[in-house]
Structures are given as C-alpha cells and as structure tokens.
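Welcome! Please take a look at it first, and then read on.

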Amino acid sequence: MVLRNIASVNADTIRAAIFDFDGTLLDSLGVWDDIDKRSFAKRGMSVPSIFADTTAAMNPHQIADYVIEHCGFTDSPETLMQEWSDMAFDAYAHQLPLKKGAYDYVHYLRANKVKLLLVTTLSQRLCLPALTRVGIADCFDFLQCGEDLPEAGKHSSRIYLDLASQFHIAPNNFAVFEDSHVALRSAQQAGMQTYGVVDDINAEISEDSPLQKCVSIFSDFAFAPKIFNANIANS
C-alpha cells in the first residue's frame with residue numbers, strides 16, 4: 001500500500017495521463033490467471049511458467065496466435081478468443097472491482113482538467129461494461145481497446161508517441177500508469193513519465209526492471225501523485 005519513490009516526482013508537469021485498465025485500474029489479474037488455467041486444463045495442459053509475462057502486453061488475437069504456435073492449441077484464433085471472452089464476460093460486467101483509490105483518483109485528475117486516455121489490450125466487449133459499471137466511463141477523453149491497437153501494441157513506443165502527436169502534448173508531459181513491464185518500458189522509451197501499479201509493494205525489483213525508472217510505484221491509488229497545476233486548471 002505504501003508509496004515507494006524511485007525518482008523525483010514531476011507531477012506539476014503532467015498535462016495528460018494514459019491508463020491501462022486490466023490489472024491497473026481494475027483489480028482483474030486473478031480472473032485472467034483463472035481463465036488461463038481453465039483454458040489449458042480443458043486441453044489437458046498446464047500453463048507454462050513464462051506465459052503471463054510473455055503475453056502481458058499482447059492483444060487477444062496475438063495471445064491466440066501465441067498459444068497455437070507455441071503451446072500446441074489446435075483451435076482457430078477466433079474460437080479461442082470467443083472462449084476466453086465468454087469466460088471473462090460475467091466477471092467484467094458484474095463482479096470485478098476497481099483497485100483501491102482508483103475511482104477517486106481518476107475523478108480527481110478529471111476535475112483538474114488533465115486529459116485522460118485509456119489504452120488497454122482488453123476487448124471492447126469486456127472493457128465497456130466494466131467501465132460503465134464502476135463509474136469512470138465518462139472520465140476519459142480517449143479510449144483504445146485491444147481490437148483497435150496497432151499490431152505492435154504496447155511492445156513499441158510508437159503507440160505512445162502517436163498519442164502525444166494526436167493530442168499535441170509533449171511526451172514528457174504525459175503520465176503513464178501501468179502494471180505491465182513491457183508497456184512501462186515502451187512508455188519510457190517514448191520519453192513519458194511512468195508510474196508502476198503493482199500488487200505487492202514489497203516485491204524485489206530487479207536491476208533491469210522498468211520499475212527502476214518509474215517516478216513512483218504503488219498498489220493503492222491513494223498514494224498516486226497529486227496533481228494540481230493552476231495553469232492547467234484555469235486553461
């Protein structure tokens with residue numbers, strides 16, 4: 001729960017914030033672990049130890065292609081995506097809560113006229129009902145779901161640089177909130193300020209982890225940076 005500062009905070013320079021949804025704003029990590037286990041078990045397999053890290057920043061079609069190529073699944077990508085979507089829909093539409101403090105923090109940024117962008121590998125079918133149910137759908141100026149991401153997705157800094165260009169805001173004036181190490185590294189390569197959202201604040205951070213370059217990391221949005229820039233609020 002406690003904020004761990006990694007670098008000096010530049011909160012007063014933030015004019016826009018890019019949020020991941022799955023595992024960052026929404027407390028949903030466990031549901032995907034369960035879906036992975038059920039999907040592999042249905043085919044008489046166990047989930048590979050590297051699976052979660054390898055697929056963390058992939059969109060659903062990329063994950064389907066991955067399990068077909070590397071894990072021996074014989075289904076079509078479309079069949080797999082439908083299977084996973086059906087297993088997940090009830091949880092996202094009716095059950096999964098926001099991370100602690102996330103509701104207040106998103107509304108806080110919105111009230112201070114920070115541009116809010118949601119960029120997620122999650123499909124619209126799962127993302128939109130959850131966003132509406134938890135009461136933050138109207139807070140975002142921009143929404144990009146899994147089926148709308150470019151092929152490289154969050155594996156490339158290009159997605160972040162393109163958003164900076166689209167909104168006419170310098171990359172270093174963006175804050176990126178993510179739980180994916182792949183996405184954090186890409187955002188850092190784009191020159192954006194990054195904030196790591198983690199489940200275990202006391203976990204050991206390896207020397208090559210992108211968390212080392214984050215402005216801060218936290219598990220509770222009550223410890224996210226407070227942003228009040230009079231120039232932004234009055235613009």
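The notes below cover a pocket, a set of paired strands and some salt bridges. Please keep in mind that this is a predicted model. The largest pocket has a volume of about 1300 Å³, strand β3 is largely enclosed by the rest of the structure, and a search of the whole structure finds ten salt bridges.

**The largest pocket**

- The lining of the largest pocket is made up of 49 residues.
- If you want to find its centre, look for L29, A52, T55, A56 and D179, which lie nearest to it.
- Several helices supply at least two lining residues each, namely α1 (29-42), α2 (51-55), α3 (60-70), α4 (77-94), α6 (124-134) and α8 (181-189).
- Helix α1 gives the most, with five residues.
- Sorted by class, the lining holds 21 nonpolar, 14 polar and 14 charged residues.

**Strand β3 and its neighbours**

- Strand β3 covers residues 115-119, and four of its five residues are buried, so the rest of the structure largely encloses it.
- Strand β2 (residues 16-19) runs parallel to β3, and four bridges join the two.
- Within this pairing, F19 has L118 of β3 as its bridge partner.
- Strand β4 (residues 142-144) also pairs with β3 in the parallel sense, over three bridges.
- Here L117 stands opposite F142 in β4.
- From β3 the chain crosses through α6 to β4, and this β-α-β crossover is right-handed.

**Salt bridges**

- Side chains of opposite charge can pair when their charged atoms come close.
- E83 and K42 meet through their side chains in a salt bridge (3.4 Å, N to O).
- E83 belongs to helix α4 and K42 to helix α1, so this pair ties together parts that are 41 residues apart in sequence.
- R125 and D86 form another salt bridge (3.6 Å, N to O).
- This pair links R125 in helix α6 with D86 in helix α4, 39 residues apart.
- R125 is partly exposed, with a relative accessible area of 37%, and D86 counts as partly exposed at 43% relative accessibility.
- K154 and E178 also meet in a salt bridge (2.6 Å, N to O).
- K154 sits in the loop between β4 and α7 (158-167), while E178 is in strand β5 (residues 174-178), 24 residues apart.
- Both K154 and E178 are buried.
- Salt bridges with shared partners join K42, R43, D75 and E83 into one network.

Definitions and conventions: Residues numbered from 1 in each chain as written. Predicted model: local features only at pLDDT ≥ 70, side-chain atom pairs only at ≥ 80, totals over all residues. Heavy atoms only, no water. 1 Å grid on protein atoms, 1.4 Å probe; cavity = no way out; pocket = protein on both sides within 12 Å on 5 of 7 lines; lining within 4 Å. Points joined across faces, edges and corners; volume = space filled by probe spheres on them. Nonpolar A, V, L, I, M, F, W, Y, C, P; charged D, E, K, R; others polar. Buried < 20%, exposed > 50% of the residue type's maximum accessible area, 1.4 Å probe, protein only. Pairing = 2+ DSSP bridges. Right-handed = clockwise from strand over helix to strand, strands pointing away. Salt bridge = Lys/Arg side-chain N within 4 Å of Asp/Glu carboxyl O.
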